[in-house]
Amino acid sequence: MNARGIRTNFMFNVAGALAPLIIALVTVPIYVSHIGAARYGALSIVWVLLGYFGFLDLGMSRASANALAKHEEARERSSILVTAFAINLALGVAGGLVLYIGGRVFLQYLLDVPPELEGELDSVFPWLACVVPMTLLTGVASGALESRERFLTINALQIAGSIVGQVLPVLCAVLVSPSLSVVVPAAVLARFPLFLLMLAFVIRREGPLSLTSFDRPRAGALLNYGGWISVTNFLAPLIVSLDQLVIGSALGLAAVTYYVVPLNVVLRTQIFAAALSRTLFPRMSRLQGDDARRLTESAIGTLAHGYAVACSVAIVLIGPFMNLWMGPDFAVVAAPIAEILMIGAWINGIAFLPFAHLQGQGRPDIISKYLALELFPFLLVLWLATRHFGIEGSAYAWVARAPVHLLFLLAMMRFEKTRYAQLVLPFGCVMTAFVLVRLVRPGLFESLLIASAFAVSTSAIAFAIDQNIKSLFARLKGEAIALKDAA
C-alpha cells in the first residue's frame, strides 16, 4: 500500500480516537456533577485496576497482529487466530476470577475509601470480572483486522461502542441512580455488542475457523513474543497511572479527580501519535532493518512538528477551556496541572513511534526490561514530589520521566544522530507556549489571539521543514482545486 493508504488509514484512526474524546467532553461534567468527586475518583481507580488486568492478554493481541501481518495464507492465518483466541479465552476466564476475588481486597487496603462507598465498590466486581475475557478476545480480533489494515472497520465499530459505552452509564446515573452499583454494570453491558460485532467481522473475513487449527508450537512462538508484550502491558499502564494511586493514597480520592480530569484531557491529545503508531505497526512488522528504521524516522519528524502545533495551542487554551467546561472553582486547580502535563504529552507522543518500531521488529523485550528498571526510581521521585508539592509535584514528576524514556527508545532503535536536531525546534515551540502562559496568564480573548499566533507560526515551521507535511498540504490544495474546477 502506498503513502496515500497510510494517510487514509491515519485519518480513520484519528477519527476513531476523536469520537470518544468528543463524547467525554459532554459526559465527564455530567458524571462529576451527578456522582460527586469521591465517586468519580473511585470510578477512575476502578478502571485503572481493570486496565492492569490487560497484562493477562500476555501480549496475544500485539503478537497476533505482528504474526498475521507477515502471513497472507488462509491456513497460516487460521492457525494463528485460533491459537491466540484459545489462549486468551483461558486467560480471560482465569483473570476474571482473580479480579473478582482479589480486587476488593486491593482497593480496601490501598485506598482511603469512604464508608458510604464500600458497599457500592463491592457490588461492581462481578461485573468487572466479566469484562476481562471480553477485552482479551476483542484484542485478538482487533489485531486480526489491523494486520490487514482494515482500519475503517475497526474504527467504525469502536466509535459505535464508545457512543453506547459512555452515554448509557451517564443516562443511568442521571435517570436511575448515581451509585456505582448502577453506573458500572451499565458500562459493562454497553461493551457487549461491540464484542459480538468484532468477533462476527473477524470470523466472516478469516473463517471458517476450526478448533483443530490450534497449533502448540505456534502457541509457544506467540507466547514467547507476547510474554514481553504482557510485561510491557502491565508496567506501562502502572507507570502511567502511579500518579493517580499515589495522589489517592497521600492526598485522598477527591484530589484524584482534580488530577485525573486534566490528565485525561491531555492524554486524549495523544490520539494523533497513537493513530500514526497504530497505522504504521503492520508495516513496521513487515519491513526489515534499514527500511523499517527509515520509515520510523520519517514519521517521527512529521509527528514532532505536527503534534507541537496541537500542544502549543492546547497549553494556551487549556485554562479558558477548563474554566468554561468544569467551572472556575475546578479550573483554578486543574488548569495548571494540564499545562504541565501537556509538555510530557508531547514527549511521550513522540515515544509512541520508536516503541512500535521495536515491537514490530521483534524486540519487545527491550521495552519491558527498561520499564522494569524505571519503575522504582520513578515511584520514589513521584512519592517525594507529591508529598512535598501536592498534585503539581505529581505532574512535574510525570513530565520529568518522559525525556529519559524517549531518549532510551530512540537509542535502541538506532535513531540517526543527525535527526535529533529535528526535535529541538518543535519542543522549543511547546516550551515557549508554557512559559508565556505562566508569565502572562491571559484571559479568554488574549488566549484566543495567542493561540492563533502559535497555530500559524508552528504550522509554518512544520510546513517549511517537514517534507511529509509539505506534500500533504500540496495534495490537499490539489484536491481543493479539483473540486472547485468540477463545481
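Q: Phenylalanine 415, buried or exposed?
A: Phenylalanine 415 is buried, as its relative accessible area is 5%. Buried means under 20% relative accessible area, exposed is over 50%, and partly exposed is in between, with a 1.4 Å probe and protein chains only.

Q: What kind of model is this, and how are residues numbered?
A: This is a predicted model, where local features need pLDDT of at least 70 and side-chain atom pairs count only at pLDDT 80 or more, while totals for chains, interfaces and linings use all residues. Numbering runs from 1 along each chain as its sequence is written, and side-chain values use heavy atoms, leaving out hydrogens and water.

Q: OK, aromatics. How many aromatic pairs are there?
A: The count is 6 aromatic pairs. Rings of Phe, Tyr and Trp (its six-membered ring) pair if their centres lie within 6.5 Å; planes under 30 degrees apart are stacked, over 60 edge-to-face, and the rest tilted. One of them joins phenylalanine 192 and phenylalanine 195, a tilted pair at 6.0 Å centre to centre with 35° between the planes.

Q: Where do phenylalanine 192 and phenylalanine 195 lie?
A: Both are in helix H6 (residues 180-206), 3 residues apart, or about one turn of the helix. Helices here are DSSP runs of H or I with at least four residues, numbered from the N terminus. Phenylalanine 192 is partly exposed at 39% relative accessibility, while phenylalanine 195 is buried at 11%.

Q: Why is the pair of phenylalanine 415 and tyrosine 420 edge-to-face?
A: Because the planes of their rings are at 85°, with the centres 5.1 Å apart. Tyrosine 420 is partly exposed, with a relative accessible area of 26%.

Q: Switching to H11: what span should it have, and what are its end C-alpha atoms doing?
A: H11 covers residues 328-360, so its 33 residues at 1.5 Å each should span 48 Å; the end C-alpha atoms are 45 Å apart, which agrees. The expected span is 1.5 Å times one less than the number of residues.

Q: Where's the kink in H11?
A: At alanine 334, about 35°, shortly before proline 336. That bend is the angle between axes fitted to the seven residues ending there and the seven starting there.

Q: And how many residues of H11 are buried?
A: 28 of its 33, so mostly covered. Just after H11, glycine 362 has a positive phi of about 80°.

Q: Which residues touch the most other members of the largest nonpolar core?
A: Tyr259, Met322 and Trp346, in a core of 134 residues. H11 gives the most to this core, with 19 residues. A nonpolar core is a set of buried Ala, Val, Leu, Ile, Met, Phe, Trp, Tyr and Cys residues joined through side-chain atoms within 4.5 Å.

Note on methods
Helix = DSSP H or I, 4+ residues; strand = E, 2+ residues; numbered from the N terminus.
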